[in-house]
Amino acid sequence: MEKVFFSTRLLFCFLFALSQIQAQDKQPLDHSVYDNWKNLNGASISNNGEYVSFEINPQDGDGWLYIKNLSTQSSDSIRRGYNAAFSPQSNFIVCNIKAPKDSTRNAKLAKKKDDQLPKDSLGIWLLEKDSLIKAANLKSYKLSKDTSPWFAYHLEKQAEKKDTAEVKEEEKIKSEKKRTGKKKDDEIKTGDLFICNPVASKKYIFNDVSDYAVSENGDLISFITAKSDSVDSAAVYVFKPSIEQADKIFEMQGRAKNISVDKLGQQVAFISTTDTSKAKVYNLLCWMTKLNQAEMIIDTLTQGMPGKWSVSEHAGITFSDDCSKLYFRTAPKPKPVPKDTLTDDDKVKVDIWNWKDTRLQSQQLVECENDMKRSYQAIYHIREKRMAQLGDNVVHDVTILKDNPRIALGIDTRSYEKLISWEYPEYRDAYVIDCNSGANKIILKKKQFGVSISPFGKYVLWFENADSLWYAYSVKNNQYIPLTKNIPVQFYNEQHDEPCPPTPYGIGGWAKNDECVMIYDRFDIWKIDPEGRKAPVNLTRAYGRNHKIRLRVVDLDKEQEYFELKESLLLSGFNETSKQDGFYSTRLSSKNDPAILIVKDNRFEHVVKAKQANRLIWTKSSFIEYPDLWESNLTFENPIRLSDANPQQQHYLWGSVELIKWKDYNGNELEGLVYKPENFNPNKKYPMLVYFYERSSFIKYWHFVPKPSPSTINFSYYVSNGYVVFVPDIVYGTGHPGNDAYNAVVSGTMNLLKSGYIDEKKIGIQGQSWGGYQVAYLVTRTNLYAAAMAGAPVSNMTSAYGGIRWKSGLSRMFQYEQDQSRIGANLWERPELYIENSPVFHAPEVQTPLLIMHNDNDGAVPWYQGIELFVALRRLNKPVWMLTYNGDEHNLKRRANQKDLSIRMQQFFDHYLKYAPAPEWMENGIPAVDKGEKMGYDLIEDTGLGRK
């Protein structure tokens, strides 16, 4: 026994020493690794389940599209391939091929316009022949959904060398366009359409094509040709692959667009106009196989068309699944555009804000283009040759049903537009619409949550926040039926902590013929009779609640809008205690506990099933493990890893994550995550960064790729560089969000200090947006932290309350009264709460050096909020810096700016938490005259800069 113990201890010592040596061979991450760190995108599986494709793309540079044969595990690849799709018969794959990154960059350096930049190419990979066909200057491609090997792709028209006579003719046409007021953005853009069967090596080319469509079964491909000389002209053709012939079904002087084909390839619809003015009125035309020519079916005088309305050119056209109805949209006829007779100096430019407006002027300006293109749902009954208008100025949104084209659901939010400024979520009225006549009937008023219609149109479902119950409205019986009244669990968010009604957990789907609906509680799934006659059944038999596992339905067939009663259901399961992910199975008819398929210390995502085979692809990840692609059968047995996106990770220091618990100063038991460096030594003192937002402990098994930051610290990066990172959960009451953050974050920090491995003088905090606000507040309450970084913080709730979210144009009032800011009252009811929670009013208390980022195109938190805090602290002679990235948003979008922020944020924290020298930008600033030329990254001799 002593020999066994001695051998075990010797082995442990050997393995520990080996791990230390391996860790010493690894390097910490640095900012140079970003560009070549890769992402896996666009995974798909062929219909027969034999092939998988996925992209592996560096963050900056040229990537690869990989095509894997699952039977042989052999791989092929296409350089710079993306947006791939398998053919219906699984015998070839089509993709876009990007232009080389260097070519695009050189063209931009040469100041080429967007339309002069290198274009994508088309790639066709023949799976059985392992050969690639390419075509340059791709605009788009379209495949059928069913069995046809025929598909179409559209190429950009190439500029041709012209002789002198052709140049003169072109100048004459341009002069005519100028005379008639035709602008460049009004010109028709055409190209060459290729209709091909790559398996049979057949191809047909058609010139001057402006639009095209492919039927779902692949039996018909229709397209529009257009010419725009002194007079516009258009023609419409149908190509039948069965006879490999194109027939002209329409020709006119004017324009045609928005072509559509029914799923069986027997009907074509499009819109056309003969108007030559900019304000064009369109008609709707339809062709059927029994007709030689397309016929006009809808114009401004059609019975059912609202007065002074016409077919909208700004919306697509679709056929119903049974091909008996045509869906299109209408709008008031466009107003004639008067000739501009004023110079810019003569024009008045003013926004008029009126207190009676239902939408603020700022919101109207954001939505102006959409308003000008707004259209309303209509339907044409093909056999009856009859139109019905379904939507109007009141009922803007109409849900059309795939499985019951006789009924639609209409939603009106316009009646409550004004309230959205201070009440949240927005209200809506619901209507049942008869698609035959267009008549509607209001069935619900002023509802907030979950209004939807069942797949077969028998019921309208919604969650009533007044009594926290789910209800169904029976369309046939005109009855309102409470569905969850006698179920002893809550169906709304049990952890909700904002001063607005809690949101429901949602629904998992419907059975065929609307026989039952699956409704979620926090953990389980309930099978409920929408008529209320049968007792509700806990489909998962309280397995979720008993084990604290959130069970949810995984939809493996996006095209089918219902589930069969005997169909096997795949369920995802998230364990709230351990944070593990997994999958389970059950049936709608099951009377047993869900069967466990797989449960791991991982995060599972992106589950896709082959259409005609019992094969799945999915990703699996953890803090250490990149979310690579895996494949398995439907029970996840014998999974096989398909990708290895970032093998270089093994050469870099990483780390580990653990879940901790403690009680905050209000006695709430909280959870948080602690990320530790890979070569962690509990006897060593580490600098620590504390990052927070609201609740984050659920991300335990999330993977964080090293990448430049849009706003927050990258956990992997900082842990690799020797920091401990602490991510505490925060719970809130109403009225004191700043103090709630203090109770959670500071108590969590103090609890972690008891561990002995945190240097209490080297702790920093960081947050963005709501997290940025909490950082700004905390430094007015405590000197515990040696450095703080606040991204896009609200610093003054009294001024922010009346501010605008410029990206949407909405007032910010609702955020404070009923949403995330959690004040729970307006500014005049409780001004003291706004002041209490505003960091700027407590600026004299700040002793922590603060770095702010607030960008001048922030569409969520007004830029001046960062300025208010900066100038206050500057006035008080406190160490403070603010980074403002010009033209960039709430979270940085430009990669160059993201890299810059990542560098500056690390330099800031390294200076205060590792005592590294300060960079020049912190010590001396960057004068405006040196902007763009001098970055100030160079480190200079340390002068303290207010370090504690």
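Buried, in what follows, means under 20% relative accessible area. The model I am showing is predicted.

I will start with the cysteines. The structure holds zero disulfides. Take C196, which is in no disulfide: the nearest cysteine sulfur belongs to C95 and is 13 Å away. Is C196 buried or exposed? Its relative accessible area is 4%, so C196 is buried. C500 also counts as buried, because its relative accessibility is 10%.

Next, the nonpolar cores. The largest has 55 residues, and the members that touch the most others are V690, I765 and L850. Helix α8, residues 737-753, gives the most to this core, with seven residues. A separate core of 53 residues lies apart from it, and includes L29, Y34, F54 and A786.

What does L850 contact, once neighbours within four places in sequence are left aside? There are V775, A788, M789 and A790, then L869 and L873, then P879, V880 and W881, and finally F908.

Now the helix pair. α8 packs with helix α9, residues 770-778, with the axes 9 Å apart and an angle of about 80°. Angles of 65 to 115 degrees count as roughly perpendicular, and α8 and α9 are therefore roughly perpendicular to each other. On the α8 side, the contact is made by P737, G738, N739, A741, Y742, V745 and V746. On the α9 side, W770, Y773, Q774, Y777 and L778 take part. By type, the residues of this contact are nine nonpolar and three polar, with no charged ones.

Technical notes. Residues are numbered from 1 along each chain as its sequence is written. This is a predicted model: local features need pLDDT of at least 70, side-chain atom pairs count only at pLDDT 80 or more; totals for chains, interfaces and linings use all residues. Side-chain values use heavy atoms; hydrogens and water are left out. A nonpolar core is a set of buried Ala, Val, Leu, Ile, Met, Phe, Trp, Tyr and Cys residues joined through side-chain atoms within 4.5 Å. Buried means under 20% relative accessible area, exposed over 50%, partly exposed in between (1.4 Å probe, protein chains only). Helices (H or I, at least four residues) and strands (E, at least two) are DSSP runs, numbered from the N terminus. Contact means heavy atoms within 4.5 Å. A disulfide is a pair of cysteine sulfur atoms within 2.5 Å. Axes are lines fitted to C-alpha atoms, for helices over the stretch in contact, and angles run from 0 to 180 degrees between N-to-C directions. Angles under 35 degrees count as roughly parallel, over 145 as roughly antiparallel, 65 to 115 as roughly perpendicular and the rest as oblique. Ala, Val, Leu, Ile, Met, Phe, Trp, Tyr, Cys and Pro count as nonpolar, Asp, Glu, Lys and Arg as charged, and the others, Gly among them, as polar.
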